[in-house]
Amino acid sequence: MSTAPTQPFTSDVTLTVNGRKRTLTAAHHWTLLHLLREALDLTGTKSGCDRGECGSCTVLLDALPVYSCQVLALQAGGKEVVTIEGVASGPGLHPIQEAFINEDAAQCGFCTPGFIMSAYALLRREPSPTEADVRAALSGNLCRCNAYGRIIQGVLAAAKAMREGAS
Amino acid sequence: MKEALTAVGRSLPRAGLAAKVTGEARYTADVKLPGMLHARLLRSPHPHAEIISVDTAAALALPGVHAVLTPFDPEAAGRLAPDMTILSKRARFVGDEVAAVAADDDSLAEHALQLLRVQYRPLPFETDPQEALRPEAARIHPGGNLCGGAPMLLERGSVERGFAEADLVLEETYKVPCHSAAALEPRAALARWDGDGLTLWKTSRGVHQDRSTLAHALGLPIDSVRVVAPPLGAGFGNKDESRGAAIAALLSRKAQRPVRLDYSRHEEFVAGRVRHSAVIRLAMGVKNDGAITAIDNSTLMNTGAYLASGPGVLRRAAQGSLYLYRCPNVRYQGLLVYTNAPVAGSYRGLGAPQGHFALEVHVDRVAEALGIDPLEFRLMNHVGPEGQEGRRRSPRHEIVDTQPVEGGIPFSSNGLRECLERGAEAIQWRGRPASNPLRPPALRRGTGVAACIYRGGPGRESTARVAIHRSGRVTLATGVIEVGQGAHTVLTQMTADALGCRYEDVDVVSGDTATAPEAPITAGSTATFSSGLATVKAAAKLRGSLLDVASTLFELPRDRIYFNRGLVFSKDRPTELAALSDVAAQMPRGSLEAEATVTPGSPDYIVNSFAAHFAEVEVNLNTGGVRVLRYVAAHDSGKIINPATAVNQVEGGVSQALGLALTEELVTDPGSGVTLNGSFLEHKSPGIAAYPHLQTIFVETEDPLGPFGAKALGEPPTVPVAAAVVNALYDAIGIRFAQLPVTPDKVLDALAEASPRPRRDP
């Protein structure tokens with residue numbers, strides 16, 4: 001029978017979340033997902049599998065999309081994290097969020113933050129993606145409502161809106 | 001004068017979506033309370049065992065552990081269903097709930113589970129339903145392994161006579177495995193006691209049903225239980241059970257703190273609710289001219305360790321065989337069997353995808369034997385608006401069953417023929433190439449068709465309350481849960497047009513027994529039809545009361561006034577008199593409210609939805625891989641209330657069911673009862689990369705009985721998919737698969753057995 005210590009090892013970690021520097025005491029076994037949802041109450045990042053299979057916990061870590069359930073909280077130390085709560089720059093919606101509403105790119109909405117984060121990473125890297133680019137960039141995200149057709153349209157519409165907004 | 005529709009029929013934005021794209025929407029696992037503990041469940045490692053004892057001392061001694069619940073706690077004997085208590089001294093499948101712990105955090109709770117010392121006495125077990133029916137098989141429940149003690153027998157005419165009249169009889173056995181609904185949001189429940197009152201937040205498809213189940217199991221008066229359903233990360237027919245919530249409630253009472261229980265993904269696969277596996281033996285008799293003389297369907301379904309919604313699933317598997325084609329002699333014999341396997345429950349379409357897979361593949365087989373094109377055979381034989389031949393036997397004043405067996409009852413509307421015709425046109429069925437050349441490298445293409453008949457629409461009694469407040473805001477209170485399908489969107493649209501207000505001015509109150517009116521569970525594709533009728537009736541009543549207010553206010557007879565899009569008009573002048581909110585501001589009381597309850601359905605007509613699906617697939621002869629290239633889904637769901645959300649619903653349903661056709665199977669090891677592939681990596685659900693080019697067609701019969709002419713839509717898109725794909729596979733490679741899913745290994749095995757031949761070569 002296991003007699004593991006009941007008090008986990010902890011360390012302080014400093015990271016930037018949605019532009020704000022945060023210092024927290026994190027247990028060594030915490031994932032970044034756990035830190036975001038439980039310690040910071042940023043529950044927009046969803047936990048669909050907690051084992052790197054579904055993509056609903058996708059966040060940006062130093063501008064790259066990652067499954068936050070596959071990153072230890074301490075590994076995020078010194079890095080910059082963007083979650084769904086930090087995608088819009090002001091009180092309004094980000095063009096991707098607007099496009100997801102206009103194109104009905106969701107059903108139950110549980111996978112939606114993860115898809116938006118993957119799309120956000122794609123459009124920062126590639127402002128004019130093809131449909132194949134969109135499929136490839138979002139292929140790490142699962143939608144069990146299978147709203148894939150609408151999601152593809154939503155991302156392409158967002159790309160167009162962002163290009164037009166930038167020009 | 002008929003006022004123009006301003007909300008119904010338009011692609012208005014999905015209700016509640018804004019809060020979901022920003023991450024603000026809190027699902028059940030996002031809700032936190034001060035002092036909240038986290039619960040974890042101990043699950044049985046044995047497929048069948050008696051629990052002799054549970055020693056909780058070591059777990060309770062762990063600092064931070066606040067409560068343990070075992071089957072030896074008297075309150076855990078509360079009954080959730082005829083065959084299920086909150087916890088049981090008998091474990092009936094690998095993964096069955098045995099005990100539970102509440103601790104300061106989830107990893108501590110996890111650790112405490114390992115400290116529980118359980119003494120099991122393993123019992124003989126059965127995972128195969130056929131085996132479980134043997135007289136010497138292990139008994140899983142006291143009543144025996146055959147649910148209900150007898151087969152379900154449904155019959156019209158005489159199949160013996162029908163087979164005697166036939167020129168040709170073909171028989172085949174079809175198999176559908178169990179697979180998981182695997183909604184992305186795992187189940188969760190949060191319990192809080194305030195004195196003797198209990199509040200439960202839970203993943204739910206019906207707060208009123210859950211409240212009555214939980215109050216009964218916990219021995220509480222119904223008024224002291226409040227059930228709240230936060231947004232649901234999809235239902236698909238799942239999440240209608242309450243064991244987890246009851247466990248959370250009992251742990252919370254012991255610990256005197258709020259307790260939240262979250263399922264892991266693995267628990268979702270093993271201890272959620274799977275689709276019933278089915279073995280279907282189908283025999284069909286036909287005349288040489290193509291007329292069907294008899295259909296005989298024997299279905300064996302595995303309900304796993306508990307009954308859940310099994311009887312409804314077994315019944316739903318019958319309807320295709322009984323009713324999709326004109327035939328005077330039909331019979332359905334259904335067996336539902338307990339086994340020591342994961343629990344099967346309701347999953348989108350219930351038994352219909354299984355039943356239609358067998359029927360629609362078999363129809364292609366029969367058509368080929370007669371030398372008739374599969375589409376033409378369906379056009380010759382499908383049931384028409386007049387229904388099945390025969391004399392009605394049920395009393396004429398009774399509401400017609402939405403899944404009738406008898407003939408002599410017409411449909412309220414039936415657009416099946418148009419679905420077949422328009423779908424065929426879109427996929428260019430009649431212009432298909434006559435030959436099927438090998439495409440480099442070793443690719444073959446084929447096209448298939450399958451049709452669908454589906455109950456849904458008329459459900460149980462539904463109530464809606466519509467109120468307008470002085471501010472001009474309108475609230476719709478409905479018991480229907482938004483499970484992700486867009487029910488609140490279409491009900492809001494109906495409210496707007498039935499009352500004459502704007503879509504944007506309606507707020508939905510739902511998912512909370514403290515505020516929402518009684519409603520049946522959100523199931524069976526009944527939300528649009530049944531709750532829609534209640535909503536329209538309540539809104540129309542409210543409009544009547546508001547007309548009285550307006551009539552006094554403008555000194556006009558009430559029949560000269562109407563409301564449209566939030567404005568008040570006189571029929572005698574082109575411009576509006578005022579805004580509806582101006583009238584609302586003059587209401588004698590703070591708000592005006594109207595309530596309506598309807599028992600949907602008709603004593604004269606069957607209300608059913610229809611569909612015809614067409615798939616074009618490509619098979620790689622080297623890898624066995626199957627790609628769906630093009631897909632056309634033609635649906636008769638009556639008037640479409642919101643085209644955008646309806647298209648999304650169809651596309652999503654088709655893509656979801658491609659998993660059943662091609663990739664998904666939840667495998668239970670027969671030697672141990674262990675679920676072998678409880679993860680998204682191994683239970684392969686469709687992804688965005690292979691999402692096919694999909695076209696949706698709505699034939700839009702306006703149903704005379706439905707709200708604004710609408711009928712059911714939620715489940716039908718999943719029903720004909722597997723058969724359409726399997727029929728396309730036959731067209732491509734000349735192999736008729738009788739077992740799902742058609743994975744590459746099955747394709748390669750079949751190709752090795754029969755050298756591939758293009759069926760339509762000259």
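Reader: What makes Arg37(A) and Asp30(B) a salt bridge?

Author: In this predicted model, the closest N and O atoms of Arg37(A) and Asp30(B) are 2.8 Å apart. The cut-off is 4 Å between a side-chain nitrogen of Lys or Arg and a carboxyl oxygen of Asp or Glu, so the pair qualifies. Across the interface of chain B and chain A, the rule finds 8 salt bridges.

Reader: Which helix of chain B gives the most to the side that touches chain A?

Author: α17(B), with 9 residues. By class, that side of chain B has 30 nonpolar, 20 polar and 12 charged residues.

Reader: How do you know how much area chain B and chain A bury between them?

Author: The size of an interface is often given as the accessible area lost when the parts come together. For chain B and chain A, that is about 4,400 Å², with 56% of it on carbon and sulfur atoms. In chain B, Val21(B), Leu184(B) and Ile688(B) lose the most area to chain A, together 19% of what that side buries.

Reader: Why is the pair Asp512(B) and Arg226(B) called a salt bridge?

Author: The closest N and O atoms are 2.6 Å apart. The limit is 4 Å, therefore Asp512(B) and Arg226(B) count. Between domain 1 and domain 2 of chain B, the count is 1 salt bridge. The side of domain 1 that touches domain 2 divides into 8 nonpolar, 4 polar and 4 charged residues.

Reader: What area do domain 1 and domain 2 of chain B bury between them?

Author: About 1,300 Å², 53% of it on carbon and sulfur atoms. The centres of these two domains of chain B are separated by 39 Å, taken over C-alpha atoms.

Methods. Residues are numbered from 1 along each chain as its sequence is written. Chains are lettered from A and ligands numbered from 1 in the order in which they are written. This is a predicted model: local features need pLDDT of at least 70, side-chain atom pairs count only at pLDDT 80 or more; totals for chains, interfaces and linings use all residues. Side-chain values use heavy atoms; hydrogens and water are left out. Domain bounds come from an automatic or database domain assignment. Buried area is the accessible area (1.4 Å probe) that two parts lose on being put together, summed over both. Ala, Val, Leu, Ile, Met, Phe, Trp, Tyr, Cys and Pro count as nonpolar, Asp, Glu, Lys and Arg as charged, and the others, Gly among them, as polar. Helices (H or I, at least four residues) and strands (E, at least two) are DSSP runs, numbered from the N terminus.
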